[in-house]
Amino acid sequence: MIDARLRKAFPGGRGSTPFELNVELKSGAGVTVLFGPSGAGKSLTLDCIAGFVRPDEGRILVNDRLLFDAGAGVNLPPRQRRCGCVFPDDSLFPHMSLFENLWFAAARLPRRARRQKVGEMLERFHLENLGARRPYELSSGQRQRGSIARALLSQPALLLLDEPARGLDAALRMEFYALLREVRGEFGVPVVLVTHDLDEALELGESMHVLVAGKIAQSGAPREIFAAPASAAVARLMDCYNLLRAEIVAMDPTTNRSRLRIATADGTEFELIGPYFPGLLLGAKVTLAVREDEIEHGPELTGGVQLDLRRVARLSRGVRVELSGGIHVAVGEAPASGLSKQWNVRFRPQSLRVVKA
Amino acid sequence: MGIDWFPLWLSLRVASLATLIALLGGLWVAWLLTRKGFRGRELIDAAVTLPLVLPPTVLGYYLLVLLGRMSPFGRLYESIAGEPLVFTWKAAVVAALFHAGPLLIKSARAALESVPPDYEKAARSLGAGEWRVFWQVSLPLAWNQVLAATTLAFARSLGDFGITIMLAGNIPGRTQTLSVAIYDAVEGGRGDVARTLVLVISAAALAFLYLANRLGRSQFGRAL
């Protein structure tokens, strides 16, 4: 369990922009996901916890053990922090066999126990016949399992995984997720997982911190964040939200309704019926997040908005169309007859969520 | 033609010893220079590189002043070893060291810095101390490049002339190394001896360079 507060500033200079990491993390026993775009400071946060980077301020506690405290001058070196690290490209030592890699990690054990434990781990991770191989003679899935086994052999208090599934194909990913869930249950080690893959975050995370530009934009259960992003920046990361600039032009608490005027970047304007927004005033300018798959469409709908078709993207999970105003709609399977040029779409009032700009 | 092969053996012995010393000391200095937060490391780097660019006579002069029989170091050495350092074959080792050392430090530093940091980070997070990280992870991963640099340093120290002649002199059968012997042969009009020795040292240098290039390639399946 982690309780960390850290601040690390990079002043910027020749060719580099200034950056400041300023986060407060609390996480429980399970898998905590650090989610965010690249450059948000996710890996830097891991580096601070593992002791590879010294924060300017703050303190880090893992299982109530103090690893770092800027005020008290405590800064344990990485080897005393008991953080098992798995890096994006597995980082098994290329000059050692798989067995030697695991052997290296189990140095705390006496010789016989060490041999036995390494053998057990190879077996546990389905690598029992591969101990003599060098990392480059293993598949990417085997290497990834090997590096988790190696990290666990050092009896870590915390497992830090930095995009561990990068470079694995879809099938291997599923296998890897299953393994990780087993590991968490069996070894009882809390896991911090860095990823910019939303599916991975939803699949594995019990709690999640969304990092944007060095700050935590939202914390909570992954599903909850996905269903209700608190800000436009978080909604953008969820990759399924339309963000609309709107002005509240009428509010009626008796019917629990409001009227909103939407103005998009390309000049398209229309009005929508929204829910009553307690706490907001008439004339307020707000940002709305609307999920692509919650927008109804079809010529027969009444009270819809007429929009033109701009672009069509055929994705693995269905077809997504872009309409005038930059509005994306997920339309499931595309009709064989092709898509019409004119779209009649309807926004349900409850699908209009106000988020921080 | 009767060729005295003593200079060749002496040069090999001098170069071997100088390379060995340079390897041990050079690895340590190189490791120090890769430490982050080590202030003044670029200044030290520049200082150890200096012998590569200064004229050998300048270095020879410095060393003569520093190690000569009148200098504090020279007197200390003489009182311990019972003989002066200058104008012995050991002085030729010191001369060769000034070629092997900088080369080794520069290359070993580059080699150690080319080891991807994730491996060292992984090793440290697994509980390994700096000593283990260096001997079991960093050095093995940089070893091919270090070995290539060692070969190069050996070839380079085989051919020193300027520092050797100032510090060790030209005493046939005692301090006359190969390159000094060649100079001596040309001066003395023994063209055939000079020609043979020149060919021998050229062939040796070519062989070592070839070896260094072969060794410099990484041995691991994954590009480092």
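Here is a friendly walk through this predicted two-chain model, in questions and answers.

Me: Before we start, what are the ground rules for numbering and for confidence in this model?
Reply: Residues are numbered from 1 along each chain as its sequence is written, and chains are lettered from A and ligands numbered from 1 in the order in which they are written. This is a predicted model, where totals for chains, interfaces and linings use all residues, side-chain atom pairs count only at pLDDT 80 or more, and local features need pLDDT of at least 70.

Me: How many helices and strands does chain A have?
Reply: Helices (H or I, at least four residues) and strands (E, at least two) are DSSP runs, numbered from the N terminus. For scale, the C-alpha trace of chain A spans about 75 × 55 × 45 Å along its principal axes. Its secondary structure comes to eight helices and 21 strands.

Me: And what pattern does chain B follow along the sequence?
Reply: The C-alpha atoms of chain B fill a box of roughly 65 × 40 × 30 Å along the principal axes. Chain B has ten helices and zero strands. Read along the sequence, the pattern is α-α-α-α-α-α-α-α-α-α.

Me: What percentage of the residues of chain B count as buried?
Reply: A residue is buried if 20 or more other C-beta atoms lie within 10 Å of its own, exposed if 12 or fewer, and partly exposed in between, with C-beta atoms placed from the backbone. In chain A, which has 357 residues, buried residues make up 38%. In chain B, with its 224 residues, the figure is 40%.

Me: In chain B, what share of the contacts with a separation of 6 or more comes from residues 24 or more positions apart?
Reply: Two residues are in contact if their C-beta atoms, placed from the backbone, lie within 7 Å. In chain A, residues 24 or more positions apart account for 63% of the contacts with a separation of 6 or more. For chain B, the corresponding share is 74%.

Me: Which element gives the largest share of the side of chain A that touches chain B?
Reply: Here 19 residues of chain A are in contact with 17 residues of chain B. On the chain A side, the elements that give two or more residues are β7 (83–86) and α2 (98–105). The largest share, three residues, comes from β7(A).

Me: By class, how many residues on that side of chain A are nonpolar, polar and charged?
Reply: Ala, Val, Leu, Ile, Met, Phe, Trp, Tyr, Cys and Pro count as nonpolar, Asp, Glu, Lys and Arg as charged, and the others, Gly among them, as polar. On that basis, the side of chain A that touches chain B has twelve nonpolar, four polar and three charged residues.

Me: Which residue takes a positive phi in the hairpin of β4(A) and β5(A)?
Reply: Strand β4 (residues 57–62) of chain A runs antiparallel to strand β1 (residues 2–10), joined by six bridges. β4(A) also pairs with strand β5 (residues 65–69) in the antiparallel sense, over four bridges, and Arg59(A) stands opposite Asp69(A) in β5(A). The hairpin has two residues between the strands, and the one with a positive phi near 50° is Asn63(A).

Me: Are α6(B) and α7(B) roughly parallel or roughly antiparallel?
Reply: Axes are lines fitted to C-alpha atoms, for helices over the stretch in contact, and angles run from 0 to 180 degrees between N-to-C directions. Helix α6 (residues 117–125) and helix α7 (residues 130–158) of chain B pack at about 165°, with their axes 10 Å apart. Angles under 35 degrees count as roughly parallel, over 145 as roughly antiparallel, 65 to 115 as roughly perpendicular and the rest as oblique. That makes this pair roughly antiparallel.

Conventions. Two strands pair if DSSP finds at least two bridges between them.
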